[in-house]
There are 2 protein chains.
Amino acid sequence: MAVIIDGTAIAEKVRNEVRSGISDLVRERGEAARPSMALILVGNNMVSHNLVRMKARDCEQVGIIPRIIELPEETHEDALLSFIETLNRDDSVNAILCQLPVPQQISTKKLLAAIDTSKDVDGFTARIDADKTDIAACTPAGIMRMLREYDIDVKGKHCVVVGRSNIVGKPMSIQLLLHDATVTVCHSKTQNLSSFTKQADILIVAVGHARLITADMVKEGAVVIDVGMNYPEGKPVGDVDFAEVSKRASYISPVPGGVGPMTRAYLLKNCLELAKQYRR
Amino acid sequence: MAVIIDGTAIAEKVRNEVRSGISDLVRERGEAARPSMALILVGNNMVSHNLVRMKARDCEQVGIIPRIIELPEETHEDALLSFIETLNRDDSVNAILCQLPVPQQISTKKLLAAIDTSKDVDGFTARIDADKTDIAACTPAGIMRMLREYDIDVKGKHCVVVGRSNIVGKPMSIQLLLHDATVTVCHSKTQNLSSFTKQADILIVAVGHARLITADMVKEGAVVIDVGMNYPEGKPVGDVDFAEVSKRASYISPVPGGVGPMTRAYLLKNCLELAKQYRR
């Protein structure tokens with residue numbers, strides 16, 4: 001049986017680090033240096049509403065000041081972009097997050113490009129030539145931390161990432177390369193997916209397809225990280241068939257209680273890092 | 001025997017497209033819209049000197065106005081960055097290139113970050129979430145074009161990239177993912193390199209190691225693209241053992257006359273694309 005990676009426990013450790021990092025920062029530079037995150041919510045999507053409230057509570061728990069900004073469903077793209085421009089210049093906010101998805105009259109690409117890189121707490125504007133010192137997207141950053149916590153070194157390992165999204169798959173592959181892994185990225189157009197997943201020393205799955213990865217697709221002793229969060233029968237289920245794959249893997253992250261809490265915790269960690277670098 | 005991919009001929013075709021694109025642009029928007037490229041050269045590196053002269057000649061041949069700016073070896077980082085800032089605001093220049101490497105007192109990362117993305121003709125500031133409409137680094141862009149010219153579709157193919165540089169390996173992997181390939185990136189820390197290269201339907205090598213890839217490392221019928229340019233005995237030699245690998249491959253790019261001319265041509269193509277988008 002695989003060791004079950006305890007994302008909830010590591011996330012708590014990360015939050016404690018952030019809390020104490022914020023105390024240090026405020027002690028050194030005064031209350032004005034306390035991190036503050038703008039959380040922009042456009043429209044009436046209930047899932048987005050709940051996510052933004054949850055993120056705001058997470059902020060409060062570690063000493064980050066959340067500022068929720070709710071904009072109507074029919075907000076024009078131009079209005080949103082100029083509003084972000086105002087936040088870019090606003091010294092009372094050092095981190096900006098715009099909850100996705102946004103209504104269809106707004107280009108996600110333009111929206112993300114409008115957020116000043118120095119305030120991009122989601123890390124979505126990262127460049128291809130980013131190095132280890134740059135802010136990474138929260139999910140890849142959280143996964144790298146999970147691996148470190150269990151002394152799983154990716155150097156020279158074959159890491160297979162299933163999924164090529166801008167939020168997980170692509171930045172994950174960049175992080176793994178920066179840490180000397182050999183990296184394969186698979187996706188919906190990959191032919192014979194299992195021929196790749198079976199090669200993985202470390203398999204990271206982020207596709208949003210309940211139990212796509214079955215035991216026969218995993219090498220004996222592999223490390224398996226499940227980013228998926230699906231609700232096929234109302235309860236959260238990952239992209240990995242946990243019951244069966246956990247019998248073959250050496251380490252496996254569960255759903256819930258795996259990557260999810262790490263992503264949440266790294267949003268706070270990113271906010272602190274941006275605040276440290278921020279010069280008013 | 002493999003078909004030899006004629007980079008010189010495709011590059012000529014690209015230059016003709018650029019030439020006619022510039023004519024159209026100038027006809028529509030007037031002489032002020034003619035593309036103009038600033039080529040910054042810091043220090044006394046002879047190879048860099050020659051490269052900058054060559055790029056300036058390439059510009060002239062297609063109707064781009066080159067502006068070479070030579071700065072002394074001892075130029076301070078701050079001075080260079082503020083000079084770039086001036087060029088960013090200078091409407092008479094729509095493309096900025098700073099020849100690498102720069103003297104060691106200057107951070108390459110800061111330098112590249114200083115170039116306005118809308119004038120970044122090398123495409124080095126590309127973001128992880130770039131899409132097909134964004135400017136790509138010249139070498140990956142040139143390679144994608146070579147493949148298209150020979151009707152080699154990367155969709156669903158396993159593409160193995162050897163090398164993870166910010167200039168070739170990483171942006172190449174992003175381009176291949178955008179075109180639906182399954183992508184593996186190998187590098188100096190990869191264990192058992194040949195186990196990966198042998199799987200490649202399309203193998204792209206960019207490591208700067210003469211004849212690293214031998215025939216036994218290549219699958220029968222693979223497409224092999226050689227980005228290397230080494231001078232072990234004074235004459236240019238690629239990263240691939242051309243004489244032997246060309247017997248197994250279905251297509252192969254030679255050195256010289258393969259990727260090199262494509263990289264040069266795509267610098268001009270990128271300059272035209274930036275000029276089209278440029279709004280004074």
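This is a predicted model: local features need pLDDT of at least 70, side-chain atom pairs count only at pLDDT 80 or more; totals for chains, interfaces and linings use all residues.
**View 1. Chain B meets chain A.** Let's start with the whole contact, to which chain B gives 36 residues and chain A gives 36 residues. Putting the two chains together buries about 3200 Å², with carbon and sulfur atoms giving 53% of that area. There are 6 salt bridges across the interface, and 20 residue pairs are in polar contact between chain B and chain A.

View 2. Strand S6 (residues 182-186) of chain A and S6(B) run antiparallel, paired over 3 bridges.

**View 3. A salt bridge and a lysine in a loop.** B:Arg164 and A:Asp180 form a salt bridge, and their closest N and O atoms are 2.7 Å apart. Both of these residues also touch B:Lys189, whose contacts beyond four places in sequence include A:Lys155 and A:Gly156 too. B:Lys189 belongs to the loop between S6 and helix H7 (193-197) of chain B. Buried or exposed, or something in between? B:Lys189 counts as partly exposed because its relative accessible area is 32%.

**View 4. Helix H6 of chain B under cover.** In H6(B), 10 of its 10 residues are buried, among them B:Lys170, B:Met172, B:Gln175 and B:Leu178. What covers the buried residues of H6(B)? The cover comes from both chains: it includes helix H6 (169-178) and S6 of chain A, along with helix H5 (138-149), strand S5 (158-162), S6 and strand S7 (202-205) of chain B. After H6(B) comes B:Asp180, with a positive phi near 75°.

**View 5. A glutamine in helix H6 of chain A.** A:Gln175 has its place in helix H6 of chain A. A:Gln175 counts as buried because its relative accessibility is 11%. Past its neighbours within four places in sequence, A:Gln175 is in contact with A:Ala136, A:Pro140 and A:Met144.

View 6. A:Thr133 is in the loop between helix H4 (108-114) and helix H5 (138-149) of chain A. With a relative accessibility of 61%, A:Thr133 counts as exposed. The A:Thr133 side chain makes a polar contact of 2.5 Å with the side chain of A:Asp131, and another, of 3.4 Å, with the side chain of B:Lys109. A:Ala249 is 116 residues from A:Thr133 in sequence and 31 Å from it in space, C-alpha to C-alpha.

**View 7. Strand S4 of chain B, covered on both faces.** Strand S4 (residues 95-98) of chain B has B:Ala95 and B:Leu97 on one side and B:Ile96 and B:Cys98 on the other, all of them buried. Strand S2 (residues 36-42) of chain B pairs with S4(B) in the parallel sense over 4 bridges. One bridge to look for joins B:Ile40 to B:Cys98 in S4(B).

Technical notes: Residues are numbered from 1 along each chain as its sequence is written. Chains are lettered from A and ligands numbered from 1 in the order in which they are written. Side-chain values use heavy atoms; hydrogens and water are left out. Contact means heavy atoms within 4.5 Å. Buried area is the accessible area (1.4 Å probe) that two parts lose on being put together, summed over both. A salt bridge is a side-chain nitrogen of Lys or Arg within 4 Å of a carboxyl oxygen of Asp or Glu. A polar contact is a pair of N or O atoms within 3.5 Å; within protein, one must be able to donate a hydrogen and the other to accept it, and residues adjacent in sequence count only if both atoms are side-chain atoms. Two strands pair if DSSP finds at least two bridges between them. Helices (H or I, at least four residues) and strands (E, at least two) are DSSP runs, numbered from the N terminus. Buried means under 20% relative accessible area, exposed over 50%, partly exposed in between (1.4 Å probe, protein chains only).
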